[in-house]
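Morning, everyone. I have one model to walk through today. Please look at it while I talk.

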Amino acid sequence: MTTPATLPPLRASLLTDDPLDLFARWFEEARELSRMEYPNAMTLSTVTPEGMPDGRVVLLKELDARGFTFYTNYRSAKGEALDANPRAALSFYWDDLARQVRIRGTVEKVSAEDSEAYFQTRPRGSRIGAAVSNQSRPLGGREELEARYRQMEARLEGEEIPRPDHWGGYRLVPAEVEFWQAGAHRLHDRFLYRRGGGDWTVERLAP
Ligand SMILES: Cc1cc2nc3c(=O)[nH]c(=O)nc-3n(C[C@H](O)[C@H](O)[C@H](O)COP(=O)(O)O)c2cc1C
């Protein structure tokens, strides 16, 4: 695993005051340079009230000064975990850039208006798919799901697909962000930002 020649090694001189600015730069580079189909894929880790960790991939759909937004079913396993324990971690790994970013923080629901606005940008089939899937619940068979899809498609022909109340966005508000970039001889570069009050501090960690 080596950093592409087009990218500089991660040095303290490249750090920004706010880690979201550095993340935005890395994300842009991932979108431009990575051959991954989904450079916005990130592993979302949650913990149940019983203390059982869980992880799954979701897609980053919005990034702004408030945090990292993804969309899902609020009644899914992750939704239930986040209801009970609204803290989570996100991990990005861009293999061909030899970079990893880890983020920890609190999670909040985005406004219903924002969820609505995003829902309406999705292709019609994805909107129907989201509406008919009871995500994370047992399903008797694939036919059942496809039948529900066809029924809704026929029932709402020519009409808008309403967003289910239980489908929407979560925003992870970061408290810690760690950047990792591969270095020669496994002397990787790691910098951990922590938010204390309104300000960020950053320190280098041993690889
Ligand atoms: C590349 C990729 C992208 C995914 N994006 C999402 C997503 O944005 N939202 C979502 O709810 N599930 C997404 N999934 C499916 C989740 O990984 C997961 O199977 C689903 O959300 C159910 O998780 P849960 O039972 O832990 O709630 C994605 C899976 C993959 C492999």
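How many helices and strands does the secondary structure of the protein come to? Five helices and nine strands. Helices here are DSSP runs of H or I with at least four residues, strands are E runs of at least two, and both are numbered from the N terminus.

Two notes on the source. This is a predicted model, where local features need pLDDT of at least 70, side-chain atom pairs count only at pLDDT 80 or more, and totals for chains, interfaces and linings use all residues. Residues are numbered from 1 along each chain as its sequence is written.

Overall picture. The C-alpha trace spans about 60 × 35 × 30 Å along its principal axes. The protein has 207 residues, and 23% of them count as buried. Buried means 20 or more other C-beta atoms within 10 Å of the residue's own; exposed means 12 or fewer; partly exposed is in between; C-beta atoms are placed from the backbone.

Now the ligand. It is surrounded by 15 residues, and the closest are T72, S76, A77, K78 and S136. To be near, a residue needs its C-beta atom, placed from the backbone, within 6 Å. β2 (53-59), β4 (67-73) and α2 (77-84) each give at least two residues to that shell. β2 supplies the largest share, with five. By class, eight shell residues are nonpolar, four polar and three charged. Ala, Val, Leu, Ile, Met, Phe, Trp, Tyr, Cys and Pro count as nonpolar; Asp, Glu, Lys and Arg as charged; the others, Gly among them, as polar.

Next, β4. Why is β4 largely enclosed by the rest of the structure? Because five of its seven residues are buried. Strands pair if DSSP finds at least two bridges between them. β3 (residues 62-64) runs antiparallel to β4, joined by three bridges. A hairpin of two residues connects β3 to β4. In that pairing, E62 has T69 of β4 as its bridge partner. β4 also pairs with β7 (residues 167-181), antiparallel, over six bridges. There, N73 stands opposite W167.

Last stop, Q135. It sits in the loop between α4 (124-132) and α5 (142-155). Is Q135 buried or partly exposed? Partly exposed, because it has 16 C-beta neighbours inside 10 Å. Leaving out residues up to four places away in sequence, Q135 touches N73 and S76. Contact means C-beta atoms, placed from the backbone, within 7 Å. Q135 and A77 are 58 residues apart in sequence, yet 7.9 Å apart in space, C-alpha to C-alpha.

Note on methods. Contact = placed C-beta atoms within 7 Å.
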